[in-house]
Amino acid sequence: MDGLNHLGALRVEPDQVVLTDFARRPDGDFAGFDQVLQARVTLTVRADGNLNYRAATFPFAKRTVFSRIGLDDRAAFDALE
């Protein structure tokens, strides 16, 4: 992942851990806690393989799409199931 600026105040660098308590839920979605936003998040795998990202921020939920470029470790991804 490329680095990004969040709200112009925080810089997220490549390989920096920003999600904790990350796990796959029984419904197939992923859930975790975004340390930058300080909010619970849900990631849903789309049919095209990209991720819908939703953070439960106040007063409005933050939504975005993470587009994949490639999968570096297929075995690790499959082990999440």
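Two aromatic pairs turn up in this predicted model, counting ring centres that lie within 6.5 Å. One of them joins Phe 22 and Phe 30. A pair of aromatic rings is described by the distance of the centres and the angle of the planes. For Phe 22 and Phe 30 the centres are 5.4 Å apart and the planes make an angle of 5°. Because planes under 30 degrees apart count as stacked, this pair is a stacked one.

The two partners can also be viewed by their accessibility. Phe 22 is partly exposed, at 40% relative accessibility, whereas Phe 30 is buried, with a relative accessible area of 4%.

Now let us turn to the backbone. Most residues other than glycine have a negative phi, and most peptide bonds are trans.

Is Asp 21 buried or exposed? Asp 21 is exposed, because its relative accessible area is 59% and exposed means over 50%.

Which peptide bond is cis? The bond from Phe 58 to Pro 59 is cis, and its omega is near 5°. To find Pro 59 in the structure, look at the loop that runs between strand S6 (51–55) and strand S7 (62–66).

Technical notes
Residues numbered from 1 in each chain as written. Predicted model: local features only at pLDDT ≥ 70, side-chain atom pairs only at ≥ 80, totals over all residues. Heavy atoms only, no water. Phe/Tyr/Trp six-rings, centres within 6.5 Å; stacked < 30°, edge-to-face > 60°. Buried < 20%, exposed > 50% of the residue type's maximum accessible area, 1.4 Å probe, protein only. Helix = DSSP H or I, 4+ residues; strand = E, 2+ residues; numbered from the N terminus.
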